[in-house]
Amino acid sequence: MKKIIFVIFICIFTLVACKNNPNTNEVTLPTHPNMEFVEIVHQAKEENEYTTTLYTVKNSTQEQVTEEYIKILENDSWNITFVNKPLLIEATKENKEIMIFLFNKDNDVTLAILSR
């Protein structure tokens, strides 16, 4: 009987812990067709912190990626709040915010995406 109560307790504890996980509030972004994940540079630990993630789009230009990604965000119901072509895109959706910084490196474009 003690084993059954222990198993039930562990199940309830696991469900509560998963529900209160702060990472369930992560921002899910639409991706550019050629966008490749590079790394998470900084993982937010508090509610008002930004998570910084790097992506690369190979064989492209800042201007091209900026134009294409703005359309992708708009098609996914993101509200574009500020654009400084071809360096920066800011957008919101519901209670989510993103800032996308674009950098040229050789024939590739690096996107540093700050999200919260």
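Keep in mind that the model is predicted. We will visit two residues in loops, His 32 and Ser 60, then an aromatic pair, and finally the largest nonpolar core.

**His 32, a loop residue**

- Start in the loop between α1 (residues 2–19) and β1 (residues 35–42), where you will find His 32.
- His 32 has a relative accessibility of 4%, so it counts as buried, the cut-off for that label being under 20%.
- The side chain of His 32 has a polar partner: it makes a polar contact of 2.4 Å with the side chain of Glu 68.
- Setting aside residues up to four places away in sequence, His 32 touches Val 57, Glu 68, Tyr 69 and Ile 72.

**Ser 60, another loop residue**

- Now move to the loop between β2 and α2 (residues 62–75), which holds Ser 60.
- Ser 60 counts as buried because its relative accessibility is 10%.
- The side chains of Ser 60 and Gln 64 are joined by a polar contact of 3.1 Å.
- Among the residues that Ser 60 touches, not counting those up to four places away in sequence, are Val 65, Asn 104 and Asp 108.

**The aromatic pair**

- How many aromatic pairs does a search of the whole structure find? The search finds one.
- The partners are Phe 37 and Tyr 55, with 5.9 Å from centre to centre and 75 degrees between the planes, an edge-to-face arrangement.
- Phe 37 sits in strand β1 and Tyr 55 in strand β2 (residues 51–57), so the pair ties together parts that are 18 residues apart in sequence.
- Is Phe 37 buried or exposed? At 52% relative accessibility, Phe 37 counts as exposed, whereas Tyr 55, at 18%, counts as buried.

**The largest nonpolar core**

- This core has 18 residues, and those touching the most other members are Tyr 69, Leu 73, Ile 89, Ile 100, Leu 111 and Ile 113.
- Two or more core residues come from each of β2, α2, β4 (88–93), β5 (96–105) and β6 (108–115).
- Which element gives the most to this core? That is α2, with four residues.
- Take a look around Leu 111: leaving aside neighbours within four places in sequence, Leu 111 is in contact with several residues, including Met 35, Leu 54, Tyr 55, Val 65, Ile 100 and Phe 101.
- Tyr 69 links two of our topics, as a residue touched by His 32 and as a member of this core.

Conventions. Residues are numbered from 1 along each chain as its sequence is written. This is a predicted model: local features need pLDDT of at least 70, side-chain atom pairs count only at pLDDT 80 or more; totals for chains, interfaces and linings use all residues. Side-chain values use heavy atoms; hydrogens and water are left out. Buried means under 20% relative accessible area, exposed over 50%, partly exposed in between (1.4 Å probe, protein chains only). A polar contact is a pair of N or O atoms within 3.5 Å; within protein, one must be able to donate a hydrogen and the other to accept it, and residues adjacent in sequence count only if both atoms are side-chain atoms. Contact means heavy atoms within 4.5 Å. Rings of Phe, Tyr and Trp (its six-membered ring) pair if their centres lie within 6.5 Å; planes under 30 degrees apart count as stacked, over 60 as edge-to-face and the rest as tilted. A nonpolar core is a set of buried Ala, Val, Leu, Ile, Met, Phe, Trp, Tyr and Cys residues joined through side-chain atoms within 4.5 Å.
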